[in-house]
Amino acid sequence: MAYHFSLLTCILLSIILSICSSLKCEAHLHPNFYDKTCPNALSTIRTVIRRAVSAERRMAASLVRLHFHDCFVQGCDGSILLDDTPSMQGEKFARNNNNSVRGFEVIDRAKSEVESVCPGVVSCADIVAVAARDATVAVGGPSWTMKLGRRDSTSASLSLANANLPGFNDPLSSLISRFEGKGLTERDMVALSGAHTIGQAQCSTFRGRIYNATDIDAGFATTRRRQCPADAGNGDTILAPLDLVTPNSFDNNYFRNLIQRKGLLQSDQVLFSGGSTDTIVNEYIRSPSTFNSDFASAMVKMGDIDVLIVPRGEVRRRCNVVN
């Protein structure tokens with residue numbers, strides 16, 4: 001009898017694990033995931049992030065973007081952190097990541113600090129997610145309850161990164177399609193795009209817009225041309241703030257820029273171009289609190305994309321290599 005009971009238990013457990021492996025399993029993430037195994041994890045991460053943002057305000061935007069670019073490729077699994085190996089091309093050199101995505105050293109620092117407190121417990125994927133939240137708060141943005149328990153992937157994909165990450169010249173229809181493919185709505189997309197209220201972009205990403213676009217404020221284009229030469233390859237890495245007015249503060253000014261035709265990237269301006277997202281932009285201009293609330297909710301949803309939980313994945317000891 002005991003043998004049959006044990007066999008039945010094993011069969012049921014196998015079925016449960018199989019089902020969980022085929023689903024996203026967001027329900028298994030929990031805000032209190034580390035309360036017993038690493039109670040100081042969140043405070044340790046927060047200290048590292050506050051210090052990094054204090055030293056370089058731009059780092060807040062970089063950490064939010066790092067989380068975004070991680071979640072859109074294979075899910076929120078820390079795959080973006082992995083270095084290339086002889087058998088794997090990682091995501092760091094993908095078209096929209098190369099010489100652009102940054103903040104890896106901050107994540108490594110947070111991981112090192114957490115490892116010194118409770119080794120082998122907190123995943124790199126969770127650290128990336130928490131860092132995005134804490135960085136947002138550090139520059140005046142909203143906070144949100146962070147669900148935890150993600151596991152780290154043992155692989156990364158250059159091809160998926162090239163295929164899945166939105167581009168700075170994408171039309172509105174493509175952006176909507178990319179976000180919907182990840183389970184995010186148009187409203188989520190506009191709210192998440194509001195992260196461009198902070199951060200900077202390279203000349204190569206907005207050169208075409210400031211020299212050729214017709215849906216751009218003339219004075220704004222002239223200002224931006226002063227530090228972004230027309231010739232491709234000349235000054236490509238020169239930076240300009242995505243929000244020229246309040247580049248270091250998380251607010252709704254990004255959306256005000258759009259209705260004035262002062263979106264720096266084409267993928268920004270298409271959010272207010274006579275299309276289906278115009279009304280959302282106007283709403284966020286009228287109500288900063290609505291934008292903050294929607295941004296927080298969208299970040300939670302994004303953090304649920306295709307997460308790995310036990311028994312899948314691992315907790316990496318170092319974020320840039322598998323165990």
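**Close-up views of helix packing and individual residues**

**View 1. Helices α4 and α5 form a right-handed crossing.** A crossing is called right-handed if the near helix is turned clockwise from the far one, and left-handed if it is turned anticlockwise by less than a right angle. The structure is a predicted model, in which local features require pLDDT of at least 70 and side-chain atom pairs pLDDT 80 or more, while totals for chains, interfaces and linings use all residues. Residues are numbered from 1 along each chain as its sequence is written, and side-chain values use heavy atoms, without hydrogens or water. The axes of α4 (residues 104-117) and α5 (residues 124-138) come within 10 Å and cross at roughly 115°. Axes are lines fitted to C-alpha atoms, for helices over the stretch in contact, with angles from 0 to 180 degrees between N-to-C directions. Helices (H or I, at least four residues) and strands (E, at least two) are DSSP runs numbered from the N terminus. I107, A110 and K111 of α4 meet C124, I127, V128 and A131 of α5, where contact means heavy atoms within 4.5 Å. By class, six of these residues are nonpolar, none is polar and one is charged. The nonpolar class comprises Ala, Val, Leu, Ile, Met, Phe, Trp, Tyr, Cys and Pro; Asp, Glu, Lys and Arg are charged, and the others, Gly among them, polar.

**View 2. Helix α13 (residues 278-286) has buried residues D278, I280, V281, Y284 and I285.** These buried residues line one face of α13, because they fall within an arc of 165° seen down its axis; the arc is that of the directions from the helix axis to the C-beta atoms. T279 and R286 are exposed on the other side. Buried denotes under 20% relative accessible area, exposed over 50% and partly exposed in between (1.4 Å probe, protein chains only). The cover over the buried residues includes α8 (186-193), α11 (253-259) and α14 (288-302).

**View 3. Helices α13 and α14 have axes that come within 5 Å and cross at roughly 115°.** E283, Y284, I285 and R286 of α13 meet P288, T290, F291 and D294 of α14. This contact has four nonpolar, one polar and three charged residues.

**View 4. N164 lies in helix α6 (residues 158-164).** Its side chain reaches the backbone oxygen of F72 at 3.5 Å. Apart from neighbours within four places in sequence, N164 is in contact with F72, R178 and K182.

**View 5. R226 occupies the loop between α10 (218-225) and β2 (239-241).** R226 counts as exposed because its relative accessibility is 65%. The C-alpha atoms of R226 and S204 are separated by 14 Å, the two residues being 22 residues apart along the chain.

Notes:
Polar contact = N/O pair within 3.5 Å; in protein donor to acceptor, adjacent residues only side chain to side chain.
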